[in-house]
Amino acid sequence: MGQNASGPVRPFAMDAAGIASGQAFLTSELEKRDMMVRTPLTSFTYNRDLPIRVGGGWAEFASAMQVGYGITGGSGDGIMTAASANGIPMIQADFSKGLFKTHMIAAGTRVQWIDMQRGNMTGRNLDSLLRDGLRMTYDKHMDENAYVGFAAYGTTGLLNNPDALVTDAAATGSSSGTTFKSKTPDQILQDVNDAILTAWEQAEWDLDAVPNHILMPYEQYNYLATTRVSELAEKTILTFLLENNVAKQNGSDLFIGATAWCKGAAADGSDDRMVVYCNKERYIAMDELVPLTRAMTSPNTQYFCYDTAYAGNVSEVEVFYDQTIVYVDGI
């Protein structure tokens, strides 16, 4: 800091002398305003990995009807007949209804009256910023609801369904390792194909039920997406998997993606989990019975503000065919 005849040069202060000198005008006019409001860094992918069905109102449960068929003697030689037969077997139907929990959510925003008036001067809308924060909170809630559910509410998600089959990745890598990084591309493809075939076999080889969606942690996904099949090849392991998996060979367009929820998703919390399933509304879904809705706004004279309440109603993850989901731990 420089010196002058009367002493050291001091920073400008907002006192009477500074204001009278005109420096207050210069200080406010010479600053560069950055108009971007930087929101928190986050991500959510639930609407990519699950069919989201909208509508239904404020229901307490979501239900789904299922039917099983049977016939006396079975469907083989049990339905063979002849001209002299005095009766034929009759189809029987066993109907059942599955119930899935729903839960209501509610949150609010509060904007001071003075801040609203100041916003008219600055051009910033505080109410809009708070709505963005509320929407982010809602999306993060939906993300957790979709992938793991809420233990306090007794619900599970896509990655921890208790009825899904849990398997371990084959120990065929270097030093009998099970992780993708310890395996060759062919061995990784074998892990993927084994999981697809296991789920498909459990669905009695129904061509509509061929698994079409695979999720894994970002670490494994990025390894597959950036590592070449060999030093001489141009294709990455991910491209190799997408082109040669057994689902593709049977008419299913396989998607392989990443989500942070797969990290440490195994039951003991120590292993990473890959999930293979059929991402179709017939097999799995989540209901947004009432999307996040602005319910009411009222002035609050006690706190000199406007309060706004938002509410919604959503279901837990509805798994209609649990046999079409396979978990692979230790990747």
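What radius of gyration does the protein chain have, and what would a compact globule of 331 residues have? And how do the axes of helix α6 and helix α8 come together and cross?

Author: This is a predicted model. The radius of gyration of the protein chain is 30 Å, whereas a compact globule of 331 residues would have one near 20 Å. The C-alpha trace spans about 120 × 60 × 35 Å along its principal axes. Of the 331 residues, 36% count as buried. Among contacts with a separation of 6 or more, 73% are between residues 24 or more positions apart. In secondary structure, the protein chain has nine helices and 14 strands.

Now the helices. Two packed helices are described by the angle between their axes and the distance between the axes. Helix α6 covers residues 185-202 and helix α8 covers residues 237-244; their axes come within 10 Å and cross at roughly 45 degrees. Because of that angle, α6 counts as oblique to α8. The crossing of the two is right-handed. On the α6 side, the contact is made by Pro 185, Asp 186, Ile 188, Leu 189, Val 192 and Asn 193. On the α8 side, Ile 237, Phe 240, Leu 241 and Asn 244 take part. Sorted by class, the residues of this contact are seven nonpolar, two polar and one charged.

Helix α8 also meets helix α7, which covers residues 218-226. Here the axes come within 4 Å and cross at roughly 90 degrees, so α7 is roughly perpendicular to α8. From α7, the residues Tyr 221, Tyr 223, Leu 224 and Ala 225 meet Ile 237, Leu 238 and Leu 241 of α8. By class, this contact of α7 with α8 has seven nonpolar residues, no polar ones and no charged ones. Ile 237 and Leu 241 of α8 are listed in the contact with α6 and again in the contact with α7.

Glu 204 lies in the loop between α6 and β7, the strand at 213-216. Most residues other than glycine have a negative phi. Glu 204, which is not a glycine, has a positive phi, near 60 degrees. Glu 204 has a relative accessible area of 70% and is therefore exposed, the cut-off being over 50%.

A positive phi also occurs at Phe 304, where the value is near 55 degrees, again in a residue other than glycine. Phe 304 is placed in the loop between β11 (290-300) and β12 (305-315). Its relative accessible area is 44%, so Phe 304 is partly exposed.

Apart from neighbours within four places in sequence, Gln 112 is in contact with Tyr 303, Phe 304 and Cys 305. Gln 112 counts as partly exposed because its relative accessibility is 31%. From Gln 112 to Thr 122 there are 10 residues in sequence and 15 Å in space, C-alpha to C-alpha.

To return to the helices: α8 is crossed by α6 at roughly 45 degrees and by α7 at roughly 90 degrees.

Notes. Residues numbered from 1 in each chain as written. Predicted model: local features only at pLDDT ≥ 70, side-chain atom pairs only at ≥ 80, totals over all residues. Heavy atoms only, no water. Axes fitted to C-alpha atoms, helices over the stretch in contact; angles between N-to-C directions. Parallel < 35°, antiparallel > 145°, perpendicular 65-115°, else oblique. Left-handed = near helix turned anticlockwise from the far one by under 90°. Contact = heavy atoms within 4.5 Å. Nonpolar A, V, L, I, M, F, W, Y, C, P; charged D, E, K, R; others polar. Rg over C-alpha atoms; globule rule 2.2 N^0.38 Å. Buried < 20%, exposed > 50% of the residue type's maximum accessible area, 1.4 Å probe, protein only.
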